[in-house]
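Let's take a walk through the charged pairs of this protein. Have the sequence and the model open side by side as we go.

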Amino acid sequence: MWLLWVAALSGAPPAGSRLEVTVRDQSAGVIPGVRVELRGGRMQPLTVETGVDGRAVFSGLEPARYHLSTALQGFETQEKEVDLTGAEASLAVSLTLVPSTARAHVDVTAEASPVEQGATTSTTISTQLAKNLPDRPATATDALPLVPGVTREPGGALVISDSPEHRSALIVNSADVTDPATGQFGLSVPIDSVETVDVYQTPYLAEYGRFTAGLVSVATRRGGDKWKWELNDPLPEFRIRSWQLRGLRTATPRLNFEGPLIAHHLFLSEGFEYQVRKTEVYTLPFPENQKIQQGINTFSQIDWLVSDRQLVTATLHLAPQRLGNWNIDYFNPIETSADAHTHNYTGTLADRLTLGGSYWETTLSATNFEAAAWPKGPADLVLTPGGNYGNYFATKQRSALRIGGVSSFSFAPVHAAGTHHFKIGTSDAVSNEDGTVDGHPVDVRNAAGRLLERIGFNRNNAFEISDVELSFFAQDHWIVSPRLSLDLGARIESQQISGAERVGPRAGFAWNPIPGAGTTLRGGFGLFYDRVPLNVYVFNKYPDQVVTLYNPDGSVSAGPYLFRNTLGRTLVRHPFQFQEPKDGNFSPRSKTFSLYLEQPLGTRLRLRTGYMESLSDGLVVLDPSVPDPATRLGSYLLSGTGGARYHQFESTLRVRGGEERELVFSYVRSKGRGDLNDFGTFLGLLPAPIVRPNQYGTLPADLPNRFLIWGIVKFPARIRVSPVVEYRNGFPYMVKDALQNWVGVPNSQRFPDFFSVDSRISKDVQVNPKYAVRLSLASFNLTNHFNPEAVHYNTADPVYGFFFGHRGRRFTVDFDVLF
């Protein structure tokens, strides 16, 4: 608390401050036509109506404390105190309107209403906060591990609720931007183009679908009434070893600008990043230890304010990149790694229209993902207990396209037995994938170099496949009373390629049990279905494996066996699911329940604690069958028989002391178990070469205990401190033998507990009235705690069980130019 007290002493801004107010409903949709009044200072009260984008802007304000209030028929008046005596000349705030109900009078504030958001709540990360974090996230998804229940596994993939990335959904301005082939996120929008990132683990509103783990919703920034420019990280960072310059480490200049093309009508926002990153793998010797990432990431947005009731928005996201030595680690040095490139292109066109008290939004989108990976040479890949050599075994090229549309209609409030906010919507998408995949032999040898197993591939195949998806939803946010609201709805989805039609009912509540105490209980239950990525349905067109086992003298002990890639058929017995009896009739689903309590503790503290449980089945897993000795035929069977169980207890304390004065303390106790042969391990851009029998056990990203502190604290003299402190259990890992078989219970061993104290200290230096420079010093692992990145996991390895690859204490310096 003393940090917040010190931060409150910061100086005042120059006259001419700007206040931007965004007004939203409880579903996070913007509300046009709201009368926003600003009182305070020595000025007369000012009144501005929000446009179709839900924004009202006040300019030329003197430093003072102001009082905001809203007025719109059918909604309660919202009030908020705004402090413009701080150091910033521009401030953005958001208000959430609460539908009015038939009652005499209820005091409503921006924090305490139990119907403000209903049963569905998210964890929100603001752009301003994310950009000040020690590791300077470059994209919208880079900051997500700060959210309780969200981590990154050792390989870098995003994990929500202990589930692989493909089980979650990513939407940008209502458009689905996940890869149609893999279900993964890819390179997301540059952080400078983002307004907010919302993460939902329990989204009970029926408008959200096509996921079984979580939802990430990104809202981007539009241009304002004045031109703004910002240049971040303009200078490269060089690598210095033993006091000698050893080349470029990173170069990530980012340019962001926004402003009016036509005053009050047409606005442009542009975020551009060029990046060269050479990331050291600490388990390998320099200089043969660098992952190389090079490319651009640009996001353009044009907003046309047609009238005070209509807004048209067009966006274009381009993200081509080249990846070198992408999967290197101690056991896979550079010669065994693959090079790759990925190209992600997304365009959207959205129309938002206000019709009386109703609101109609339509978004059209096209997303194209192109990817390729190739080895560094033609040599066989050789796997040994102590490390691998040779060249990567697979060559893959693919292109996936999705063209879709989403349309929703929010009806004007209906006053009957309370207040009902009905919303209906539909979406459709056509997707296609084509490509080729080839493989060359993989040898498994013991520590002495003796050949144990050889895996060959019988064909080089091309593939092409397409799909059609349709969905419809209807939901009602029902304000029963000032202290109780219900969210009721259902979602119907179909996926042509899987022959599935699915119905997902949702129900949730928000309840204030103690009048005047601010206590809110939120909970609900929902049935969620995931789309099956296209990669699953081309698996039977991948090269089949031919497996041969060898005796100590080099003679053949078994085989060769041909394992055909096969799609299984699932017997469906579910009251909300209708499935054709065909190969590949998969419908991953999860049943999710949650109950959370939120309690304000004074004006600056807010406590959130609760429990969620997710039970998933129908997940797509890969399992080998035992080959027939007579025919020497076996199969690798993709089936929809996988399952997973996830339990999470969360407690989060949020401390707010004003703009840029916020600290978040969170603790998560969780447990995740499930089938381990998830299809994504074998069908991604860089598939695993060996398939072993599926087992049920601890999930790869399971973290029983995780404690996290992060935030930003503004001091006088325009100094900011952004700490990130994390303590957690280590990730689990699998033990293998010389034949690369699992030993014992999978994932029963763990890395040592992880502890790191990171921070970023920055200071803004005003060069002249128009330009400023922000100087920053970032530090990582200040306590130099032993956090190894690798372990010798093979029982045939002479140093089995040894942890290594520690990243010690380190510092970086950078600066930004603010226009």
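**Salt bridges across the chain**

Let's begin with aspartate 814, which forms a salt bridge with arginine 136, their closest N and O atoms lying 3.0 Å apart. This pair links distant parts of the chain, 678 residues apart: aspartate 814 sits in strand S51 (residues 810–818), while arginine 136 is in the loop between helix H2 (127–131) and strand S9 (150–152). Helices (H or I, at least four residues) and strands (E, at least two) are DSSP runs, numbered from the N terminus. A salt bridge here is a side-chain nitrogen of Lys or Arg within 4 Å of a carboxyl oxygen of Asp or Glu.

The model is predicted, so local features need pLDDT of at least 70 and side-chain atom pairs count only at pLDDT 80 or more, whereas totals for chains, interfaces and linings use all residues. Residues are numbered from 1 along each chain as its sequence is written, and side-chain values use heavy atoms, with hydrogens and water left out.

Are aspartate 814 and arginine 136 buried or exposed? Both are buried (under 20% relative accessible area, with exposed over 50% and partly exposed in between; 1.4 Å probe, protein chains only). They also belong to a network of salt bridges whose other members are Lys131, Asp192, Glu230, Asp233, Arg254, Arg760 and Asp816.

Next, look at aspartate 176 and arginine 402, a salt bridge with closest N and O atoms 3.8 Å apart. Aspartate 176 lies in strand S12 (residues 175–176) and arginine 402 in strand S26 (residues 394–410), 226 residues apart. Both residues are buried.

Finally, glutamate 493 pairs with arginine 491 in a salt bridge at 2.6 Å between the closest N and O atoms, and both are buried. The count comes to 44 salt bridges.
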